[in-house]
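This briefing covers strand pairing and backbone geometry. The sequence and the structure come first, and the notes follow.

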Amino acid sequence: MNGRQYSSCSYCSSGVEERHVRIEMWVGDSLVVFENVPAGVCDHCGEEYIRADVQEKMVGLTKTPSKKTLQVPVYQFSDPLTAAKAAAKAKKRDTQKAVDVAEREDNAQYASEEEISELLEMNFEEGDDTGL
Ligand SMILES: [Zn+2]
């Protein structure tokens, strides 16, 4: 490897030297990490330059199973307004849940003996009426 394989930095014109770097990139819906990638790194601004043959190798690597995987945390950024809306929605849902439970408890009440006998009497009278 000679030191002249990278031209000077196209941003700041400083010298670019080959180092081994870690590169993270999205391939479709997957986040892929490449370690130990030879890349030209600007000694002034840190811009990285990857040669075409290295890029081809990286593409080839994504078609093979990786030996190592990473589990990464995923955070949802939400602004205060969105958070307030979500809280209001959750509160409404909890209130509705409480109402549902209360209604269920009402329905679960059993009729008293008196109520049952009243119901039976009514049915008897109705049966009496239709029998006439
Ligand atoms: Zn630079």
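Glu24 has Val33 in β2 as its bridge partner. The model is predicted: local features need pLDDT of at least 70, side-chain atom pairs count only at pLDDT 80 or more, and totals for chains, interfaces and linings use all residues. Residues are numbered from 1 along each chain as its sequence is written. Strands (E, at least two residues) and helices (H or I, at least four) are DSSP runs, numbered from the N terminus. Two strands count as paired if DSSP finds at least two bridges between them.

**Sheet layout**
- The order β1-β2-β3 describes an open sheet of 3 strands with antiparallel pairing.
- β1 and β3 (48-49) are the edge strands, and each of them pairs on one side only.
- Strands of a sheet pair through backbone hydrogen bonds, either parallel or antiparallel.

**Pairing of β1 and β2**
- β1 covers residues 16-27, and β2 covers residues 30-42.
- These two strands run antiparallel and are joined by 11 bridges.
- Opposite Val16 stands Cys42 in β2.
- The hairpin of β1 and β2 has 2 residues between the strands, and Gly28 in this hairpin takes a positive phi near 65°.

**Pairing of β2 and β3**
- β2 and β3 also run antiparallel, with 2 bridges joining them.
- Val41 has Glu48 in β3 as its bridge partner.
- The hairpin of β2 and β3 has 5 residues between the strands, and Gly46 in this hairpin takes a positive phi near 85°.

- Ser13, a residue other than glycine, has a positive phi near 65°.
- Ser13 lies in the segment before β1.
- Asn36, a residue other than glycine, also has a positive phi, near 65°.
- Asn36 is found in strand β2.

**Exposure of Ser13 and Asn36**
- A residue is buried if 20 or more other C-beta atoms lie within 10 Å of its own, exposed if 12 or fewer, and partly exposed in between, with C-beta atoms placed from the backbone.
- Are Ser13 and Asn36 buried or exposed?
- Ser13 is exposed because 12 other C-beta atoms lie within 10 Å.
- Asn36 counts as exposed because it has 8 C-beta neighbours inside 10 Å.
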